[in-house]
Amino acid sequence: MDGMKPETTAEENQDEREESKGCFECCIKCLGGVPYASLVATILCFSGVALFCGCGHVALTGTVTMVENHFSRITSDHATLTDVVQILQYIIYGIACFFFLYGIILLAEGFYTTSAVKEMHSEFKTTVCGRCISAMFVFLTYILGLGWLGIFGFSAVPVFLFYNMWTTCGAMKSPIANLTSVDNICVDVRQYGIIPWNATPGKACGSTLSDICNTSEFYLSYHLYIVACAGAGATVIALIHYLMILAANWAYLKGLCQQTHAYQDIKTRDDQELQDVQSRSKEGLNSSYS
C-alpha cells in the first residue's frame, strides 16, 4: 500500500498541471477573442456622450437662469427660450439612452465578427443575415457620424457666444485707450435671437456686465459648454473609429464567406471524384470476377 502512494501523488500532480494549463489556455483564448478596437471605441463613445449630455444639460439650465436674472425679467419674453431649452434637454435624455444601447450593440457585433474571423474553418458559420446586419451597422454609423458632426458644430455656437462675453468682460479690466468709460462696453443678447428685441433690459453694460461675468451661472455654464463641445468631438471620433472597425469586419466576413464557399466547392469536387474512382474500381472488380 505504501508503494502505491507516490504513484498516486504523481498522477494527481499531473492532473493538476493539466487542469491549470487548460485554464490558462482558456483565458488566453478568451482574451484573444476580445475586440479591443471596438472596446476602445465604446469607452470613447460612452465618455463623449456622457460629457455632452451631462454638461450640456446643466449648462442649458444655467443659461436660462442667467437670462432670467439679468437680461429678461418678464416671463413672457423668455418663455420661448425656456421651452426650447426643455426640448433640448429631453433630446439629450434620448441621445444618452440611445447611444448607451447602441454602444453595447456595436460591442456585441465586434465580438461576433471577431469570433467569425478567428474560427474560419470551425463549426461557426457566418450567415447572410449576419453580413446584412454588419452592412446595416456600417450605414447607420455613417449616418450617426454625420449627425454628430452637426451636433458638434451646434455645440460650438454657445461656446462662441460665451467667449465673446468673456472677452468683453476682460476688456473692461484693461480698457482700450480711446474709450472714455467702461460703461460704453455692452453685451446685447437680443442680437443673437435668444430673446425678442422688445425684451427688457436685453443688454448689460459696464459694472452690471462685470457683475454678470462674476456670477457662478456664467462661469459654470461657459466651461460646461466647452466640455460638452469636447464631448461631442470625442463622440465624432468614436463613431469614425466604429465606422472603420465595422467596414473592416464586414470586409472580413465577406472574404470569409467567399473562402468558405470555395473550400466547400473544392471539397465537394474531391468527394465526387473519390466516389467516381470507387465506383469505377467496383465495376472493374465485378467485371474481372464475371
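Modeller: Happy to! Helix H2 (36–70), helix H3 (79–118), helix H4 (128–173), strand S1 (186–188) and helix H6 (216–289) each give at least two residues to the lining of the largest pocket. Helices (H or I, at least four residues) and strands (E, at least two) are DSSP runs, numbered from the N terminus. This is a predicted model, where local features need pLDDT of at least 70 and side-chain atom pairs count only at pLDDT 80 or more, while totals for chains, interfaces and linings use all residues. Residues are numbered from 1 along each chain as its sequence is written, and side-chain values use heavy atoms, with hydrogens and water left out.

A pocket is found on a 1 Å grid over the protein atoms alone: it is an open set of points where a 1.4 Å probe fits, with protein on both sides within 12 Å along at least five of seven lines, and lining residues have an atom within 4 Å of a point. The largest pocket holds about 820 Å³ of space; grid points are joined across faces, edges and corners, and a volume is the space filled by probe spheres set on the points. Of its 38 lining residues, Leu60, Leu88, Phe154, Pro158 and Tyr225 lie nearest the centre. H4 supplies the largest share of the lining, ten residues. Sorted by class, the lining has 29 nonpolar, eight polar and one charged residues. Here Ala, Val, Leu, Ile, Met, Phe, Trp, Tyr, Cys and Pro count as nonpolar, Asp, Glu, Lys and Arg as charged, and the others, Gly among them, as polar.

Now for the rings. The structure holds 15 aromatic pairs; rings of Phe, Tyr and Trp (its six-membered ring) pair if their centres lie within 6.5 Å, and planes under 30 degrees apart count as stacked, over 60 as edge-to-face and the rest as tilted. Phe52 and Trp148 form an edge-to-face pair, 5.2 Å centre to centre with 75° between the planes. This pair links distant parts of the chain, with Phe52 in helix H2 and Trp148 in helix H4, 96 residues apart. Both Phe52 and Trp148 are buried (under 20% relative accessible area; exposed is over 50%, and partly exposed lies in between, with a 1.4 Å probe and protein chains only). Ring pairs also join Phe52 and Trp148 with Phe98, Phe99, Tyr102 and Phe137 in a cluster.
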